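Me: I have a protein model open and want to understand how its parts pack together. Can we go through it step by step?

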Amino acid sequence: MFRLPGFAALRRYSTAQQPVPRYLRRQTQEKFDSKSQTVPRHLRRQGQENFDSKSQSLPRHLRRQGQEKFDSNSVPRHLQRQRQENFDSNSVPRHLQRQRQENFDSKSQTGPRYLRRQAKENFDSKPPSQHNRTSPELLDSFVLSNRLKKLCNVGNVDGAVELLKNSPRDAQNVVVWNTLIWESMKAERFSLAYRLYVDMKRRGFSPNPRTYRSMFTGLSKIKDWPSHSKQLQNARSLYLNFQSHLNSIKAHDPTSPHLSPRPLDAYLRILGDNRLWQEMFDLYYALPSEGPGAPDEYIYTAMFYGLAVTPTGVDALTVQKKHAHEAKILWDMMLKARVKNQFTIDSTLVNSAILALSLGDEAEHNLAFSISHEFFGLAKPFDLSQNKGSIPLSSKAFDAVLRLCNASGNHALSIRFFDEIVRRTSKPDSTQVLDQGHFNQILKARLHMPDAGTAEFSVRTVETMVHKEASAGKNGPQLRPNFGTYNLALIACWRDADWRGATRLFNLMTGFRAHDFMDGSVITNPQRIPGLRYMNPAPDHWTFLIRTALASRSRANVRQVLRMINHFNELSVETASEPDSHAKPPESFFTGKLAKDLNEAIKFVSEGGSKFAFARQELEQWAILGKLASSSARQQMEEENDVSDFIPTYPTRTP
């Protein structure tokens, strides 16, 4: 039987200077005096080069085993200091006092800053929020962006620029500069936005795709490009810089998702508004056919939008036909690119394509009708297919379809589509699609139809718009009749010699009662009908009112319209028609026509006489108005420098 050796064996091992086995050291450890700090001789002899006999540090095997047997006096002092759990604020550890003495008063009872930040519960120190020395907070870029937006929202764009330029560089980044550039574009400070773009690069901030998109989108909002020729040069410079930006990205990572042509759609709109169609196609063909940077639905939408811009000049009709043919080819190319690049055809893309195709001939018109049938479910008569369309019909898209019907001469089809949309939107859960532009297109279509009752149809259409406006809530302003609406309806009344319908339109437009200007019912101070939104008639409205009264061959009707004009006192043509119609003639045309028609009406009334005693006094007032109108017309014609080539859209028809 195996027997463990005793203490004598351990001595024999130590005498022979042989290493003690681990099992002997573990078994005989309890025989040592736990209070003694003396290490056994045979352990001191082993490894003396790395062990200081005078040191109070214990060997590793003794520290691991039986540490609980050593009393507090045998624990090293630095361990005693570190393990004091409940010491007061005056007993700051020495090794902590020696650190950062240059910023710490040793006599103070306040702990170092890094200890206060770590929330030492047992230190008697003030919280950081109550300390005298508090570090200031750094300005964050998000906070700076919000400050810039607030200043721009109140119109202080220049103050926002000064704030950004005086802000710390650590708070500035590309996002902050993009924010101010976009706010400048929203305020129509186009030159300031471009200067910010240049200053941004000078300060070391590289523009990103969002920067170029903000610049191009802001410039695309310009309507009067002849007065902003400098901005067109800036747009071209931005395009070259954006090309360099894309090339640098492509050299680093040819498959980068930042290789997107998205900012270029706004630049294509800029080129289209300036009628730079060749530059549009140069840009389009410079794009890759597939992969990153290939044309998407936004690029094709901008291309169709540019082709739909009406050209000017003597060869305008020829250019229109050419653009419609190019739009047809571009549509086929778009369908092929859709398969390669997997983009979606939306309502805006279809809308732009239909507008461009409507400028062409029968072939382009047929393609446009097939597109409207495929995507919107609007089919021609006798089409037995049950296609309901794949895209929800929007207001702009429906306006493009109605324009297509009128441009192709299918005026009855325009009214049929209108009735179809009215039926669709009559459901409770349907989306409101109709607006005033759709009603105007219907009135135009009705004017081109030879059917009788055009005036009554037009008046009822305007009355329907007024009633729908009152019941549409927040969508009411979209259905409100405008100057073009009343102009088209009055033309229909003139053609049908319907004076009664013209007076109904006068009531809806002005808010006055036409009955207050009739013979025997004249009111000195007529009042407007409460609860109606009204507008003062423009010179073209007065012209068609006078012509309608003359067409009725009733002197009572002519006297009534003369009293209306005298009440409004608008013979000097101070206001112009709303620029709603594409066939809006210059002001001098209507001013001259109004003066001529007014004098003709006065002459017609004077020849017939009157049984009323006050007729002579009214005739004198009307004669003065006629002279004033003629003088105003001559003055307007003298101020007109350019020769007008206006051709009336609707042929006059003598009843």
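Me: Which residues touch the most other members of the largest nonpolar core?
Reply: This is a predicted model. Its largest nonpolar core has 96 residues. Those that touch the most other members are Leu219, Tyr300, Phe304, Ile354, Phe376, Phe398 and Phe417.

Me: What does Ile354 touch, not counting residues up to four places away in sequence?
Reply: Contact here means heavy atoms within 4.5 Å. Sequence neighbours up to four places away are left out. That leaves Ala368, Ile371, Ser372, Phe376, Ala400, Val401 and Leu404.

Me: How many residues are in the second, separate core?
Reply: This core includes Phe517, Trp542, Leu550 and Leu625. Its residue count is 49.

Me: How many residues of helix α16 are buried?
Reply: Helix α16 spans residues 297-307 and is mostly covered. Among its buried residues are Tyr300 and Phe304. The buried residues of α16 pack against α14, α15, α17 and α18. Of the eleven residues in α16, the number buried is nine.

Me: Why is α25 called roughly parallel to α27?
Reply: The axes of α25 (residues 499-510) and α27 (residues 555-568) come within 12 Å. They cross at roughly 15°. Angles under 35 degrees count as roughly parallel, so α25 and α27 are roughly parallel.

Me: How many charged residues are in the contact of α25 with α27?
Reply: From α25 come Trp499, Thr503, Phe506 and Thr510. From α27 come Asn557, Gln560, Val561, Met564 and Phe568. By class, five are nonpolar and four are polar. The charged count is no residues.

How values were computed:
Residues numbered from 1 in each chain as written. Predicted model: local features only at pLDDT ≥ 70, side-chain atom pairs only at ≥ 80, totals over all residues. Heavy atoms only, no water. Axes fitted to C-alpha atoms, helices over the stretch in contact; angles between N-to-C directions. Helix = DSSP H or I, 4+ residues; strand = E, 2+ residues; numbered from the N terminus. Parallel < 35°, antiparallel > 145°, perpendicular 65-115°, else oblique. Nonpolar A, V, L, I, M, F, W, Y, C, P; charged D, E, K, R; others polar. Buried < 20%, exposed > 50% of the residue type's maximum accessible area, 1.4 Å probe, protein only. Core = buried A, V, L, I, M, F, W, Y, C linked by side-chain atoms within 4.5 Å.
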